[in-house]
Amino acid sequence: MSLLTTFMSRRNSLGSPVLPFVTILMTLTVLAAIGNLWIPADSALHVSTYTITLLGKYLSFAMLALAVDIVWGYCGILSLGHGAFFALGGYAMGMYLMRQIGSRGVYGDPILPDFMVFLDWDVLPWYWLGMDQFWFAMLMVLLVPGLLAFVFGWLAFHSRVTGVYLSIITQALTYALMLAFFRNEMGFGGNNGLTDFKDLLGFSLQADTTRVALLLCTAGLLAAIFMFSHWVLKSRFGKVIEAIRDGEPRVRFLGYRTDRYKVALFVYSAMIAGIAGALYVPQVGIINPGEFAPLNSIEIVVWVAVGGRGTLYGAVIGALLVNYAKTRFTALMPDGWLFMLGALFVLVTLFLPKGLAGVYGQLITSWKRGRNRDEPPQRNQEATS
Amino acid sequence: MTLKPILQGLSFAVASTVLSTAAIAEDPIKVGVLHSLSGTMAISETTLKDTVLMMVEQQNEAGGLLGRPLEAVVVDPASNWPLFAEKARELLTQEEVDVIFGSWTSVSRKSVLPVLEELNGLMFYPVQYEGEESSKNVFYTGAAPNQQAIPAVDYLRNELGVERWVLAGTDYVYPRTTNKILEAYLMDLGVAEEDIMINYTPFSHSDWQSIVSDIKTFGSAGKKTAVVSTINGDANVPFYKELGNQGVSSADIPVIAFSVGEEELSGFDTSPLVGHLAAWNYFQSVDADVNYDFIDMWHAYIGDEDRVTNDPMEATYIGFKMWVQAVEQAGTTDVDAVEQAMIGQTVANLSGGTAVMNRNHHLSKPVLIGEIQDDGQFEIVWQTAGVVPGDAWSDYLPGSKMLLADWSAPLKCGNYNTETGTCSGTVY
Amino acid sequence: MKQALLMFGCWLALWSTPTVAETDTTSSYDDLLMALTEADLNATQPILEKIEATGHPEVLSLFQTLLDGNLHFRKADQVLLSIVDVNGTDQYTEFQSGTAIEPLGRRDVSKIRVNNNLRNFLSSAIGRLQLRSSEPDLRSAAVLSLLTTLDAATADDLAELRREESNRTVLSSIDLALAMYSARSANTVAAQITAIDTLSDRLQPEARNLLFDLERNADNPAVREAATAALKKIDGKVTFYGYVDQLFFGLSLGSVLLLAAIGLAITFGVMGVINMAHGEMLMLGAYTTYVVQLLMPGFINYSLWVAIPAAFIVAGLFGILIERCVIRFLHGRPLETLLATFGISLILQQLVRTVFSPLNRRVAAPDWMSGSLEINPVLSLTYNRLTILIFALIVFVALLVIMKKTALGLYVRAVSQNRDMAKAMGIKTDRVDALTFGLGSGIAGIGGVALSQLTNVGPNLGQAYIIDSFMVVVFGGVGNLLGTLVAAFTLGIANKFLEPVTGTVLASILVLVFIILFIQKRPKGLFPQRGRAAE
């Protein structure tokens with residue numbers, strides 16, 4: 001424990017949480033993978049497949065929270081519609097997985113997914129074409145959320161829609177998409193969504209090895225995105241972004257095209273959300289329009305707030321913690337878990353305004369101050385709303 | 001320091017795994033209950049959770065099963081479809097339950113299905129649904145379309161002389177499929193295309209003014225008109241309120257519903273709706289001693305004389321009784337043994353007849369048509385002469401009329417194509 | 001064995017009915033009643049026809065009791081009982097003797113069942129029996145209930161009645177009935193065409209149905225043409241009234257949106273709290289209505305008058321509690337209020353689920369809100385929608401008056417525009433904050449009372465309206481009450497005029513897309529707040 005703290009604080013004094021974050025994340029996932037695949041089931045150290053899928057889901061959510069933190073924590077854009085980008089990425093992956101079922105569906109149709117067969121569709125709609133190619137589907141995972149974010153962001157930031165207005169229209173966006181995807185005419189399976197996936201790149205989704213590989217993949221991508229985002233946000237571009245958060249008009253007066261910066265960041269964040277969705281779907285086995293529900297998007301914001309805004313690792317911790325709490329509470333007290341969850345949100349907002357990462361930051365600062373009294377305390381990244 | 005929560009989380013998860021692995025050495029047979037206790041579906045599903053708990057309690061009072069007590073494990077999937085899959089996995093691998101009673105919506109069942117098939121679990125699904133499915137690991141104790149929709153339409157045609165049809169439903173798979181089946185069925189009977197109006201609305205639709213007014217207009221074209229409603233759950237209250245307010249009486253345009261039961265009606269004043277219809281396999285008003293016993297047991301268990309019973313409760317009751325019998329017959333809770341023992345089981349249903357589990361994992365049930373009364377109950381006005389066996393694959397859909405489900409040896413297939421002689425989908 | 005004997009007895013009784021009928025009407029009536037308890041649904045109508053033919057003085061009340069679904073019989077001795085629900089308790093009376101008896105268990109009585117066909121028969125039979133009632137309304141209703149089932153004998157009867165009739169409504173109903181009769185079965189084509197011309201001024205659906213039928217199936221081409229012409233004339237009017245109807249639907253939807261959003265216009269619009277618990281305030285208002293009705297059974301008609309202030313107080317107190325315990329610590333951090341109130345909304349939902357169960361609760365509609373104001377047979381405005389529309393406007397005006405004319409309103413505006421300056425002027429900002437939030441929540445509670453009349457009263461009630469409420473407030477312009485009003489009605493009417501063209505779902509999607517695009521054009525809504533307070 002003390003070793004860990006020392007290690008982390010030394011890193012922190014160098015100003016970067018990247019290395020400890022990535023190290024701990026990868027170590028834990030690799031340990032979990034070993035625990036699942038190579039330690040016999042009767043051993044106390046065995047990690048069950050249930051835990052593996054659960055971890056995979058948590059890490060996808062963590063990536064989604066990271067995406068929200070990038071726009072909210074660093075640029076002050078409170079998006080209540082990130083669930084939409086997540087779900088779109090998920091649908092792109094879901095469509096690929098659907099096409100992989102091939103003739104193993106219940107009706108045995110080699111081309112059409114089951115839900116199209118029993119609703120009498122004759123041909124595959126044009127937007128399903130190409131989705132049987134993995135590379136194409138993965139391209140769509142990035143492009144579809146990215147394009148939507150570009151169009152939406154370009155309109156909104158260009159017209160200088162800010163604050164709650166922006167939040168509410170992002171909510172309108174995800175709500176409209178939810179209604180649209182619920183329609184069966186859309187050809188995305190309506191309320192049932194896409195499910196009953198068989199395999200990914202030829203590997204059975206039910207095999208433990210595939211699950212572990214997916215988990216490792218999620219953790220790896222999360223680490224990579226974390227590092228890259230950290231680098232981006234520490235770069236000159238990132239400095240402008242933070243300046244926009246703290247005083248957009250001033251930055252504009254300095255001659256920066258703030259809207260372009262915001263659009264670029266928004267698109268980047270939407271793509272991350274899309275990737276998170278694409279990783280989420282094969283691990284939980286279903287994608288349906290419920291993912292577009294505005295309440296889900298609000299929940300993502302809550303994760304970030306619980307973990308702490310503007311630190312990246314705070315968002316990850318928040319997502320892991322809240323979702324772990326949900327899993328525990330729903331099993332421990334099925335009738336009363338919403339009380340606990342609700343109380344958690346209220347208490348965190350009241351007593352930990354900077355989230356858990358804020359507590360950590362304070363501890364570190366005071367510890368450092370105690371060690372090195374002459375040095376002025378380092379300015380914390382602070383998000384204003 | 002930062003990552004302490006994760007570490008703790010992980011160690012918790014590991015610890016709980018260890019604990020539950022240790023716990024299965026204990027005696028009880030575990031019954032998983034997978035019904036939403038929060039979120040939008042809690043309205044309907046909480047009752048079924050209570051029903052299962054009541055049945056477990058009753059079975060324990062009667063001495064348990066195979067000499068072992070039953071223990072119910074309740075989880076809350078919170079009306080969240082991916083969570084259904086996760087919770088099912090939790091029940092099967094962490095809690096190691098022997099059977100699951102659960103799900104209400106089709107999407108939740110579809111979500112759970114791959115988990116059940118992967119881990120070879122056993123689930124009883126107690127709600128009427130669109131058919132087009134037969135899994136080795138699921139027993140469907142609710143009605144298939146041919147046990148609800150088709151007899152209902154026959155009743156309207158033959159007894160009320162209906163010639164013009166409004167098929168109104170919520171936009172999801174059950175209404176879509178049911179309406180497809182009904183459309184094909186009506187066309188077969190020579191109903192012209194312009195005499196069928198199909199309308200879909202989103203979930204929880206609350207403003208029905210325009211649609212009810214459209215229905216009125218459609219119904220004033222000189223032919224007897226009826227509405228076949230597959231409107232889901234909580235959209236029904238505003239729908240029926242609007243019908244009452246706009247003066248659409250059952251004498252002019254009767255509405256027959258497949259998703260409205262006693263529980264849905266207990267939410268509002270039914271006096272303007274008297275005479276509108278519903279088709280189910282059970283009504284609380286069934287005049288049979290076994291039904292009265294069930295109602296008394298329910299009231300005693302829940303401690304409220306005003307609580308109603310409904311069709312999915314009967315389906316849960318039948319499913320539970322059958323599972324108990326099958327386990328006793330097989331002498332074990334092993335899924336494969338119980339699955340085979342289930343086929344052919346008979347249990348007295350609550351309407352005074354006998355429910356039989358068929359080889360396609362669907363029940364044979366009577367079909368009852370009831371008219372809504374002003375006390376929120378149904379008056380049974382018609383019923384099939386005998387029981388109707390549930391049809392997993394509809395004969396009225398082009399994609400599925402050649403499919404057959406038969407889980408007994410030697411076929412053991414949920415979707416056997418009689419034309420090509422192959423079993424598509426998962427093969428066991 | 002016993003049962004078989006009983007059956008045999010009944011069979012005997014049935015068998016003997018026709019012979020007895022000739023000699024003694026009372027005993028035959030009794031026998032018919034006995035037969036009624038034995039018959040299954042398909043055999044009931046012939047028995048009822050015979051009962052009507054006896055002309056027994058009890059027939060009207062018998063048919064009425066049967067139609068109301070209150071006629072039962074005791075299984076033991078087949079005596080007819082009327083079981084009437086009076087304020088939640090069943091009162092048992094022997095139907096013929098009229099003596100009250102002790103309540104029986106549900107296994108001891110059986111109901112005489114009616115289905116839709118029987119109900120049709122009963123209401124037209126009651127119509128025939130009531131043609132000479134002293135109440136003009138009853139007479140008119142009686143005639144209208146006979147429209148489609150008129151036979152020659154009753155038509156003659158009606159023609160005779162017409163001579164003595166003085167009431168205009170009844171006369172018009174009789175004319176319609178007679179015109180429909182002649183259009184259908186007059187001897188000469190000329191008479192048929194005259195009758196059809198008369199019908200072309202009528203909007204009753206029965207008349208239209210008849211004309212459709214004639215247009216398609218009449219033997220004589222002249223009759224068919226006349227029917228087509230009459231239908232064309234009617235359709236023109238129907239289309240016009242259809243638009244009026246749509247406008248009313250739009251206004252009505254707008255009033256619902258207004259009631260749902262108006263509380264939020266205070267808590268979010270004026271105070272800047274992103275109040276995710278707003279929907280739960282609506283829910284609390286609806287549940288208060290339920291509890292009020294529970295506490296005063298038998299006074300359903302007055303319950304809403306109690307429920308409105310009660311809901312205001314309950315939701316208002318919850319609002320003040322929330323403000324004092326949570327929101328006041330979050331001043332200047334509006335986006336964080338979103339998180340806290342989201343947590344509160346989860347807690348409140350679960351609270352209601354724990355206290356009242358997750359099932360929907362039954363909230364009764366008072367008599368004066370049921371039914372509709374019938375302007376003509378194709379245009380009727382339902383009273384509950386009308387009441388809610390007027391109610392929404394009253395609440396809006398009242399709130400406007402509070403905000404513009406009272407000291408509290410002045411303080412609220414002062415605090416929301418410049419908190420520090422207001423404080424410097426001696427305003428107790430803490431108290432004003434609590435009262436404002438309480439006011440907004442209380443108004444939301446009142447909105448909940450209205451919603452309880454339209455939709456499910458359950459734990460999810462609030463969530464169904466929260467998004468719409470935010471859209472309305474943002475579209476109208478945060479902090480502007482008038483904007484909320486205009487936005488609510490604009491969205492309501494737009495939705496209702498789109499719906500017939502695009503379908504329900506697409507209409508909602510289009511409205512949302514419209515809002516998104518509109519905000520691009522006017523980033524602060526319809527009526528932007530001016531000055532520095534805007535941010």
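The model is predicted, so to speak of local features pLDDT of at least 70 is needed, side-chain atom pairs count only at pLDDT 80 or more, and totals for chains, interfaces and linings use all residues. Residues are numbered from 1 along each chain as its sequence is written, while chains are lettered from A and ligands numbered from 1 in the order in which they are written.

Seven strands of chain B form an open sheet with mixed pairing, in the order S7-S6-S8-S9-S10-S14-S15; helices (H or I, at least four residues) and strands (E, at least two) are DSSP runs numbered from the N terminus, and two strands pair if DSSP finds at least two bridges between them. Strands S7 and S15 of chain B are the edges, each pairing on one side only, and from one strand to the next the twist averages 25°. S6 and S8 of chain B pair in the parallel sense over six bridges, and B:Ala168 has B:Ser229 in S8(B) as its bridge partner.

| Strand of chain B | Residues |
|---|---|
| S6 | 164-170 |
| S7 | 196-201 |
| S8 | 225-230 |
| S15 | 378-383 |

Helix H5 (residues 149-160) of chain B lies across S8, S9, S10, S14 and S15 of chain B and runs at about 165° to S8(B), where axes are lines fitted to C-alpha atoms, for helices over the stretch in contact, and angles run from 0 to 180 degrees between N-to-C directions.

The contact between the chains takes 44 residues from chain B and 44 residues from chain C, two residues being in contact if their C-beta atoms, placed from the backbone, lie within 7 Å. On the side of chain B that touches chain C, H2, H7, H8 and S15 each supply at least two residues, and H8(B) gives the largest share, four residues.
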